[in-house]
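Trainee: I am new to this structure and would like to go through it with you. Could we begin once it is on the screen?
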Amino acid sequence: MKKKLLTSLAALSAAVLVGCSTTAKDTSSSSATAEPTAWEQVQEAGVLKVATPGTLFPTSYHNDQDELIGYEIDMLNEVGKRLNLEIEYQEIGVAEAFASVDSGKVDIAVNNFDITPEREEKYNFSIPYKYSYSGMIVREDGSSGIGAADLSDWKGKKAGGGAGTQFMKIAKKLGAEPVIYDNVTNDVYLRDVSTGRTDFIPNDYFTQVIAVKFITSKFPDIKVKMGDAKYNPNKSGIVMAKGDDSLKKELDKVLEEMLADGTLKAISEKYYAGQDLTQPAEGAEDLPVVDVSDIKD
């Protein structure tokens, strides 16, 4: 009888231990919560933090009332409305923009950033919101001495641009001397070409056309014009951190809606003199392409 009672007590103790172990395991499992996605964090904050230059006409610049406006600004303001988010702009130059995405200081960055295979290895990009090709600004009197359609006359010329841009990589690849600027306004770039500090500015063609018209009307002493050469078709996307596609999916969904309902086209026409840059430019596929995949910043 005594042996039987001891056996029963041992069985009861084992049952209690098993019960405690199961309970502890369940509690531990239920308390573990999944890490919020990039989109969930933005949604919870109610704010989308954006790196933008604030100096690039007509995509991100200040008007005479010192209001931040432009193609990318209007686009993102509309994105914010549709996603019920406040847009917080931080005015940051090209090189710092990528670093600010890396550090988490901002959620996204925009600055006519080309979608390239090299960049896609490190960052997520939205679907393209702008298609274009590259051009150049030169001195009005032709003394820049550059303009060959095959880009064979860049060697030894001084090319003005921002650090880390595709255009400075192209300049380096073709033997030009890069003259690097911080996040300065268009008039600074153009005046330096006019006075001979630099010879030309390689950059987005359609952006440059509008900038030359605007700056030369505002500053008649700046004597520059568009060069004849066109090259490197490109497409621009919103830059964000890689590894979590949740924010990209939400942004892509809204951009697709804005493309479908004509909103993005209307914004493009507003800032680019009636031109729709939401579709690839006609004939762009026939332009020369400079491969800069081997050029490091």
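Mentor: Before we look at helix pairs, one definition is needed: axes are lines fitted to C-alpha atoms, for helices over the stretch in contact, and angles run from 0 to 180 degrees between N-to-C directions. Please also keep in mind that this is a predicted model.

Trainee: Understood. At what angle do the axes of helix H3 and helix H9 cross?

Mentor: The axes of H3, residues 71-83, and H9, residues 246-260, cross at roughly 110 degrees and come within 10 Å. Angles of 65 to 115 degrees count as roughly perpendicular, and H3 and H9 are therefore roughly perpendicular to each other.

Trainee: Which residues meet there, in H3 and in H9?

Mentor: On the H3 side they are Met75, Glu78, Val79, Arg82 and Leu83, and these meet Glu250, Leu251, Val254, Leu255, Glu257 and Met258 of H9. Seven of the residues in this contact are nonpolar and four are charged, with no polar ones.

Trainee: And how does helix H2 pack with H9?

Mentor: H2, residues 38-45, packs with H9 at an angle of about 70 degrees, and their axes are 6 Å apart. H2 and H9 are therefore also roughly perpendicular to each other. Ala38, Trp39 and Val42 of H2 meet Ser246, Leu247 and Glu250 of H9. That contact has four nonpolar residues, one polar and one charged.

Trainee: Changing topic: what is the volume of the largest pocket?

Mentor: The largest pocket has a volume of about 490 Å³. It is lined by 34 residues, and those closest to its centre are Leu56, Val94, Thr165, Tyr189 and Asn203.

Trainee: Which elements give two or more residues to its lining?

Mentor: Helices H4 (94-103), H6 (166-173), H7 (186-195) and H8 (205-218) do, together with strands E8 (158-162) and E10 (200-204). By class, the lining has 16 nonpolar, 14 polar and four charged residues.

Trainee: Why does the pocket lie between domain 1 and domain 2?

Mentor: Domain 1 (39-129 + 237-275) and domain 2 (132-233) both give residues to the lining, so the pocket lies between them.

Trainee: You mentioned H7 and H8. At what angle do their axes cross?

Mentor: The axes of H7 and H8 cross at roughly 80 degrees and come within 10 Å. Asn186, Asp187 and Leu190 of H7 meet Ala211, Val212 and Ile215 of H8. By class, this contact has four nonpolar residues, one polar and one charged.

Trainee: One last topic, the backbone. Is the peptide bond from Phe57 to Pro58 cis or trans?

Mentor: That bond is cis, with omega near 5 degrees. Pro58 is found in the loop between strand E1 (47-52) and strand E2 (61-62).

Trainee: And what is the phi of Asp66?

Mentor: Asp66 has a positive phi of about 65 degrees although it is not a glycine. Asp66 lies in the loop between E2 and strand E3 (68-69).

Conventions
Residues are numbered from 1 along each chain as its sequence is written. This is a predicted model: local features need pLDDT of at least 70, side-chain atom pairs count only at pLDDT 80 or more; totals for chains, interfaces and linings use all residues. Side-chain values use heavy atoms; hydrogens and water are left out. Helices (H or I, at least four residues) and strands (E, at least two) are DSSP runs, numbered from the N terminus. Angles under 35 degrees count as roughly parallel, over 145 as roughly antiparallel, 65 to 115 as roughly perpendicular and the rest as oblique. Contact means heavy atoms within 4.5 Å. Ala, Val, Leu, Ile, Met, Phe, Trp, Tyr, Cys and Pro count as nonpolar, Asp, Glu, Lys and Arg as charged, and the others, Gly among them, as polar. On a 1 Å grid over the protein atoms alone, a cavity is a set of points where a 1.4 Å probe fits but cannot get out, and a pocket is an open set with protein on both sides within 12 Å along at least five of seven lines; lining residues have an atom within 4 Å of a point. Grid points are joined across faces, edges and corners, and a volume is the space filled by probe spheres set on the points. Domain bounds come from an automatic or database domain assignment.
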